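Here's a quick tour of one protein, taken from the overall layout down to a few side chains. Have a look at the fold first, then read on.

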Amino acid sequence: MSAKKRLLCIDDHEDTCTLVSAILEEYKVIAEHSKAGGLRQAATEKFDVILVDYYLPDGTGLELCVLIRAFDPNTPILLVTATHTITHEQVIAVGGQGVIRKDRLSHLLPVAVARALEVSFSKSTGAVSGEVVQR
């Protein structure tokens with residue numbers, strides 16, 4: 001049996017990370033609740049996917065994405081938000097793969113994570129691939 005894939009869930013609401021863990025039972029979900037904590041985890045451990053909330057107590061998910069991309073250009077990063085103000089284009093501009101609204105998380109998260117991993121794998125093997133678009 002292979003080891004579970006690891007997902008870093010960075011969200012100031014613990015219940016969101018609990019929901020992610022329930023939706024993605026086949027993943028080991030590691031929860032952090034701030035930009036600083038998420039950055040520390042991303043810098044010191046290996047993850048297959050990073051899921052970041054837009055609003056964090058010490059910054060935004062977009063800011064965190066830029067910081068992570070400075071040392072990790074490959075791990076897929078998906079942003080989640082309860083608001084409609086963040087756009088897919090903003091997420092792509094900072095190196096993320098897509099954005100998912102929290103009210104659609106249970107429906108879209110499994111597909112978005114699978115697609116982000118597929119795109120990431122395609123890039124690592126040199127295949128032509130697209131972006132993850134989940135709204």
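This is a predicted model: local features need pLDDT of at least 70, side-chain atom pairs count only at pLDDT 80 or more; totals for chains, interfaces and linings use all residues.

A residue is called buried when its relative accessible area is under 20%, exposed when over 50%, and partly exposed in between (1.4 Å probe, protein chains only).

Residues are numbered from 1 along each chain as its sequence is written, and side-chain values use heavy atoms, leaving out hydrogens and water.

**Overall layout**

Helices (H or I, at least four residues) and strands (E, at least two) are DSSP runs, numbered from the N terminus. The protein has five helices and seven strands, and along the sequence they run β-α-β-α-β-β-β-α-β-α-β-α. Taking contact as heavy atoms within 4.5 Å, 56% of the contacts with a separation of 6 or more are between residues 24 or more positions apart.

**The cysteines**

A disulfide here is a pair of cysteine sulfur atoms within 2.5 Å. The structure holds one: Cys 9 is joined to Cys 17, S to S 2.4 Å. The angle about the S-S bond is -90°, making the link of Cys 9 and Cys 17 left-handed.

| Residue | Relative accessible area | Class |
|---|---|---|
| Cys 9 | 1% | buried |
| Cys 17 | 4% | buried |
| Cys 65 | 0% | buried |

**Glu 32**

Now for a charged residue on the inside. Glu 32 sits in strand 2 (residues 27-32). Glu 32 is buried but has no salt bridge, meaning a side-chain nitrogen of Lys or Arg within 4 Å of a carboxyl oxygen of Asp or Glu. Its nearest side chain of opposite charge (Lys and Arg count as positive, Asp and Glu as negative; His and the chain ends are not counted) is Arg 40, 4.3 Å away. Beyond neighbours within four places in sequence, Glu 32 is in contact with residues including Cys 9, Asp 11, Arg 40 and Gln 41.

**A tyrosine pair**

Rings of Phe, Tyr and Trp (its six-membered ring) pair if their centres lie within 6.5 Å; planes under 30 degrees apart are stacked, over 60 edge-to-face, the rest tilted. That rule gives one aromatic pair. The rings of Tyr 54 and Tyr 55 have centres 4.7 Å apart and planes at 80°, so they are edge-to-face. Tyr 54 is buried at 15% relative accessible area, whereas Tyr 55 is partly exposed at 47%.
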